[in-house]
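Please read them with the model open beside you.

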Amino acid sequence: MILPPDVEKAEADCCQQLAVDLQLPPVITQILFQRGFTSAEAARRFLNPQLAHLPAPSAMKGLDKAADLLAEAVVQQRQIVIHGDYDVDGITATVLLADFLRKTGLEPLCHLPNRLTDDYGLTMRSVEALAAQVVMPALLITVDCGISTPEEVRRAKDLGFTVIITDHHEPPADAADFPLADAVVNPRQAGCAFAGGELAGVGVAFFLLVALRRNLVSRGYWTQDKMPNLRDSLDLVALGTIADVMPLTGVNRILVRAGLEVISLRRRLGIAALCARAGLREDIVSAENVAYHLGPRINAAGRLGRPQLAADLLLAQDEGVAAVLADELEAANMLRRDLEAEVLEAAVLQAEQQIAAGNENLVLQGADWHPGVIGIIAARMIDRFHLPALVFTGDSGQEGMLKGSGRSVPGLHLHQALERCKEWIVHFGGHAMAAGLTVRSEDFGQFSTAFAESVCVLGGGLPKAGTAIDAVLNERTDFRELASSLRLLEPFGQGNPEPVFLLRNIRLREVNTLREHLRFAMPLNGGLVKGIGFFMAAQFEAAAAGVVDLAFRLKESSFRGVRRAEVQAVEIFERREKLS
């Protein structure tokens, strides 16, 4: 357990003044202070993110040029090809662009690669296939990919394409490997002054559309009152940003907060159908709902080699069609769960053996693990073991090659870690928290050793093991008020974690188990608050035996219009344990 630091009197006075200025419970202002919001002005800006606070799109290097090229293609009614990716970010970015271009009168050709049969991103194969389907000159624009494909871009231009690259992954370290497209838009590229360097691919595409809309108005293509309202498209931006585990701070916080409001309205037929299939009946859809319910269902299509199914759902204009597609996506998600379960047990066993051997990272491999679930298995390893994890399969579609997917933890930039051992990698791409890569089977041992060394060198910032506590509460705390006030801190996610609280010396009531989960009640404010501990059934005896300290997250749910506080256990500490 990692308790919050002792608060000096000056800091306590500041938190108290913030509580008065913001009219919030002191616990909330304590959390704000710990996260760097030490003035009322900074806190208000964080608590009330506004689209008006977004930075100017023109600050993003290459964006104005890309918007101009795209506007020319729209005005001239040239063929436009959108090359996306098979994950939620790539799918939503493709849909975002296609939806907008349809409103200009164009019908773009969309390409989403097949995870099971195609390599990641822009490839020679996809370039050749797309060139054969259009009349040149045409425009090729990538979303969520392309930044590491100089040869493919050169080939596309030779075939007659004007090429625009929009991406958010790390650019190549060697300038010679940078793609010489007609325009490159990536907030991570050298010389880019844009304030939102942590955008998802769909976020980059959104800012491009802001600039494109302005460009088309300046050309007289639209009048101000006829142009599309891009706020209505922020549902797609929220989906892709949350699912790609981008930091929910700064620019992303503004986009996602507004996007969740749009999702909650359920105006997009595909999202309404998806919410219904996922059992999301409350009016308000949270970032947690997207991360654990909507995102995995959209991702399931790509994991099984059918990303177009998810794109078709999000583009659906008929309620009946959306319902049918949502049913297909639900079936795909059920199959994905079955495939994941087949791999998970073996992956956990390997992970436990590596941890017992003293490893501080996980590199797992199965000869026939389904390539569609290795990414989610890596994420499961992070959840369970809190160590950087790479998961490989021999079922790569290429003889002698292992296909891998990785996830990281705060403190280790995964792309930089892979960059240090690239001599053993055929190709890779990604960002701080996630990556994809291919390694030759014969080099797997050397790669594993090199990656472990890389983690040791770069992993000095890895967090101390243990549950980090944001605030220690007592039984006099007004939990209903606190649960309601916590909504102001949302959306929670990477960079803005959901607060964890601690209650000491409490006796849990009504302790029982439901399959792998622990259920209980806590006596608070003169009543009982229901609680659950996911995958904590093994702690039944500790929870039922007597007085404990409980680390938990506080939730607010709604049933038939009545809101109530609920507790989600994170860790249970028996009182005989010494607390640090």
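This is a predicted model: local features need pLDDT of at least 70, side-chain atom pairs count only at pLDDT 80 or more; totals for chains, interfaces and linings use all residues.

1. How many bridges join β6 to strand β7, and do they run parallel or antiparallel? Five bridges join the two, and the strands run parallel. Strand β7 covers residues 389-393.

2. Another open sheet has five strands in the order β2-β1-β3-β4-β5. Its pairing is parallel. The edge strands are β2 (109-111) and β5 (183-185), and each pairs on one side only. Between neighbouring strands of this sheet the average turn is 15°, direction ignored. As background, strands of a sheet pair through backbone hydrogen bonds, either parallel or antiparallel.

3. Look next at β1 and β3 within that sheet. Strand β1 spans residues 80-83 and strand β3 spans residues 138-143. Four bridges pair them in the parallel sense. Among the residues involved, Ile80 has Leu139 in β3 as its bridge partner.

4. Helix α4 (residues 63-75) lies across β1, β3, β4 and β5.

5. Where are the cis peptide bonds to check? One joins Met136 and Pro137, with omega about 5°. Pro137 sits in the loop between α6 (124-131) and β3. Another runs from Glu490 to Pro491, with omega near 5°. The loop that holds Pro491 lies between α18 (479-486) and β12 (501-507).

6. One backbone angle also deserves a look. Val245 is not a glycine, yet its phi is positive, at about 55°. This residue is in the loop between α9 (234-243) and α10 (250-265).

7. How many salt bridges does the count come to? The count is 26. One of them links Glu198 with Arg188, where the closest N and O atoms are 3.4 Å apart. Both residues lie in the loop between β5 and α8 (201-218), so the pair ties together parts that are 10 residues apart in sequence. In general, side chains of opposite charge can pair when their charged atoms come close.

8. Last, the second largest pocket. What lines it, and how much space does it hold? About 260 Å³ of space lies in this pocket. Its lining has 14 residues. Nearest the centre of the pocket are Asp99, Lys103, Asp232, Arg267 and Arg268. By class, the lining divides into six charged, five nonpolar and three polar residues.

Technical notes: Residues are numbered from 1 along each chain as its sequence is written. Side-chain values use heavy atoms; hydrogens and water are left out. On a 1 Å grid over the protein atoms alone, a cavity is a set of points where a 1.4 Å probe fits but cannot get out, and a pocket is an open set with protein on both sides within 12 Å along at least five of seven lines; lining residues have an atom within 4 Å of a point. Grid points are joined across faces, edges and corners, and a volume is the space filled by probe spheres set on the points. Ala, Val, Leu, Ile, Met, Phe, Trp, Tyr, Cys and Pro count as nonpolar, Asp, Glu, Lys and Arg as charged, and the others, Gly among them, as polar. Two strands pair if DSSP finds at least two bridges between them. Axes are lines fitted to C-alpha atoms, for helices over the stretch in contact, and angles run from 0 to 180 degrees between N-to-C directions. Contact means heavy atoms within 4.5 Å. A salt bridge is a side-chain nitrogen of Lys or Arg within 4 Å of a carboxyl oxygen of Asp or Glu.
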